[in-house]
Amino acid sequence: MRRQAAPAAGGRSTLRSLGAPDSWSDIWKVSRETFAPAPARPYRRAPMDHVAATLIPLTEVDPAMIEALLDRAFGEDRHTRTAYKVREGTDWLPALSFAVVDENRYLVGSIQVWPVALTDPQGRRHPMLMVGPVAVVPERQAEGFGQALMAATFSALDPQAPLPQVLIGDPEYYGRFGFHAAPTQKWQLPGPFDRHRLLVRSDNPGVLPDEGTLGPWID
Ligand SMILES: CC(C)(COP(=O)(O)OP(=O)(O)OC[C@H]1O[C@@H](n2cnc3c(N)ncnc32)[C@H](O)[C@@H]1OP(=O)(O)O)[C@@H](O)C(=O)NCCC(=O)NCCS
């Protein structure tokens, strides 16, 4: 089945179809053969207008390739990070998680979104979305792929009732998308973290609890 590429909402992005593969599994067959190890490419900063890439649902990607991408972006010890504890036991949400493949059909980036909850001091659980990891392979960073992945997730949020989005990341990067640390100053996580890196994005910050502990949303 021919799938429609998700809309690219990033300003500099020109995400377009790779052509006419018979099926996306063909792309991943090619990628599986060539992704690990990815060919070394010199770092380059290209205007995104000249980059051909395709945004696709993350469900189309072999899980092993996603793991390899995350290992390259964050290191193989990434599983010990507190972010993993926050979402422990949950699965990423298919409707909000995306990948980018480049003009050579390599997997160059991914974004995952997880169901989490902030439990306030009264024991009430406030559902939220945990964004991340957002990862782009080192040799293709700073070309706009990260911003395109973020835009894809934002576009897929329910416009009627978008849940607050949280992440642990660099405010210097994620601030451009509307994430900030001010509302999270009294929030707790199930592990160590830098308080200035616990960020939230919400259309209605007034409804965010002042205090609470972030953890997985498990019914
Ligand atoms: C963070 C990451 C997802 C960004 O994706 P990307 O495709 O490289 O970035 P984009 O092309 O969308 O954006 C590039 C811009 O972001 C800035 N940027 C990228 N990473 C940044 C960071 N960690 N802190 C501050 N700014 C950052 C670049 O300097 C560039 O700025 P400019 O537009 O003003 O020139 C990607 O670099 C990555 O996977 N890095 C490895 C993991 C990591 O370091 N994460 C740290 C953040 S949690």
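In what order do the elements of the chain run from the N terminus on?

**View 1. The whole chain, element by element.** From the N terminus on, the order is α-β-α-α-β-β-β-α-β-α-β-β-β. That gives 5 helices and 8 strands, taken as DSSP runs numbered from the N terminus (helices are H or I with at least four residues, strands are E with at least two). The model is predicted: local features need pLDDT of at least 70, side-chain atom pairs count only at pLDDT 80 or more, and totals for chains, interfaces and linings use all residues. Residues are numbered from 1 along each chain as its sequence is written.

**View 2. Around the ligand.** Here 16 residues surround the ligand, and the closest are Gln141, Gly146, Gln147, Gly169 and Glu172. A residue counts as near if its C-beta atom, placed from the backbone, lies within 6 Å of the molecule. Among the elements that each supply at least two shell residues are helix H2 (63-74) and helix H4 (145-156). The shell divides into 8 nonpolar, 5 polar and 3 charged residues; nonpolar means Ala, Val, Leu, Ile, Met, Phe, Trp, Tyr, Cys and Pro, charged means Asp, Glu, Lys and Arg, and the others, Gly among them, are polar.

**View 3. A closer look at helix H4.** In H4, 9 of the 12 residues are buried, including Phe145, Leu149 and Met150. Buried means that 20 or more other C-beta atoms, placed from the backbone, lie within 10 Å of the residue's own. The cover over these buried residues includes strand S1 (53-57) and strand S2 (98-102), with contact meaning C-beta atoms, placed from the backbone, within 7 Å.

Conventions. Contact = placed C-beta atoms within 7 Å.
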